[in-house]
Amino acid sequence: MGIYLVYSIIMMSIQMGVRIFKLLVLQIIAPIPILSYVDPKSGKDGLFKKWYEMCFKTYLSLFMRLLALYFAIYIMLYIVV
């Protein structure tokens, strides 16, 4: 069980690292979608909307995983012990 727990924590850490890197890349390329928002044709369904949705989904996914990890640690430290 301990080996599975360590494996799960390592995999979750790698997945969170990937999401953090993805947010970093999205932040670096942010000026391009923001400038594309000026074009009336791409205002509603263009690059900005896709970029915004990707940022939102990645941000939400990252912090939901962090919340789950902290909740699991809280349960292990204060309720189980």
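Student: At roughly what angle do the axes of helix H1 and helix H3 cross in this predicted model?
Tutor: The model is a predicted one. Helix H1 covers residues 2-28 and helix H3 covers residues 47-80. Their axes come within 10 Å, and the crossing angle is roughly 150°.

Student: Which residues of H1 and H3 make the contact?
Tutor: On the side of H3, the contact involves Trp-51, Met-54, Cys-55, Thr-58, Tyr-59, Ser-61, Leu-62, Arg-65, Leu-66, Leu-69 and Met-76. On the side of H1, the residues are Leu-5, Met-12, Gln-15, Met-16, Arg-19, Ile-20, Lys-22, Leu-23 and Leu-26.

Student: Are H1 and H3 roughly parallel or roughly antiparallel?
Tutor: The axes of H1 and H3 cross at roughly 150°. Angles over 145 degrees count as roughly antiparallel. The relation of H1 to H3 is therefore roughly antiparallel.

Student: Is the crossing of H1 and H3 left-handed or right-handed?
Tutor: Two packed helices are described by the angle between their axes and the distance between the axes. For H1 and H3, the axes come within 10 Å. The handedness of the crossing, as H1 passes H3, is left-handed.

Student: In what order do the elements of the chain run from the N terminus on?
Tutor: The chain has three helices and zero strands. Read from the N terminus on, the order of elements is α-α-α.

Student: What radius of gyration does the chain have, against that of a compact globule of 81 residues?
Tutor: The C-alpha atoms fill a box of roughly 60 × 20 × 15 Å along the principal axes. A compact globule of 81 residues would have a radius of gyration near 12 Å. The chain, by contrast, has 18 Å.

Student: What percentage of the 81 residues in the chain is buried?
Tutor: The chain exposes about 6,800 Å², and carbon and sulfur atoms supply 76% of that area. A residue counts as buried under 20% relative accessible area. Of the 81 residues, the buried share is 17%.

Student: Is Thr-58 buried or exposed?
Tutor: Thr-58 is placed in helix H3. Not counting residues up to four places away in sequence, Thr-58 touches Arg-19, Lys-22, Leu-23 and Leu-26. Its relative accessible area is 5%, and because the cut-off for burial is under 20%, Thr-58 is buried.

Student: How far apart in space are Cys-55 and Val-25, C-alpha to C-alpha?
Tutor: Cys-55 lies in helix H3 and counts as buried at 16% relative accessibility. In sequence, Cys-55 and Val-25 are 30 residues apart. In space, their C-alpha separation is 10.0 Å.

Student: What distance separates the C-alpha atoms of Gly-17 and Leu-62?
Tutor: Gly-17 is found in helix H1 and counts as partly exposed at 34% relative accessibility. Gly-17 and Leu-62 are 45 residues apart along the chain. Their C-alpha atoms are separated by 9.0 Å.

Student: How far apart in space are Ser-8 and Leu-35?
Tutor: Ser-8 lies in helix H1, where its relative accessibility of 27% makes it partly exposed. Ser-8 and Leu-35 are 27 residues apart in sequence. From C-alpha to C-alpha, the distance between Ser-8 and Leu-35 is 41 Å.

Student: By what distance are the C-alpha atoms of Ala-30 and Lys-44 separated?
Tutor: Ala-30 lies in the loop between H1 and helix H2 (31-36). Ala-30 is buried, with a relative accessible area of 12%. Ala-30 and Lys-44 are 14 residues apart along the chain, and their C-alpha separation is 17 Å.

Terms used:
Residues are numbered from 1 along each chain as its sequence is written. This is a predicted model: local features need pLDDT of at least 70, side-chain atom pairs count only at pLDDT 80 or more; totals for chains, interfaces and linings use all residues. Side-chain values use heavy atoms; hydrogens and water are left out. Helices (H or I, at least four residues) and strands (E, at least two) are DSSP runs, numbered from the N terminus. The radius of gyration is taken over C-alpha atoms; the globule rule is 2.2 Å times the number of residues to the power 0.38. Buried means under 20% relative accessible area, exposed over 50%, partly exposed in between (1.4 Å probe, protein chains only). Accessible areas come from the Shrake-Rupley method with a 1.4 Å probe; for residues, only the protein chains shown count as cover. Axes are lines fitted to C-alpha atoms, for helices over the stretch in contact, and angles run from 0 to 180 degrees between N-to-C directions. Angles under 35 degrees count as roughly parallel, over 145 as roughly antiparallel, 65 to 115 as roughly perpendicular and the rest as oblique. A crossing is left-handed if the near helix is turned anticlockwise from the far one by less than a right angle, and right-handed if clockwise. Contact means heavy atoms within 4.5 Å.
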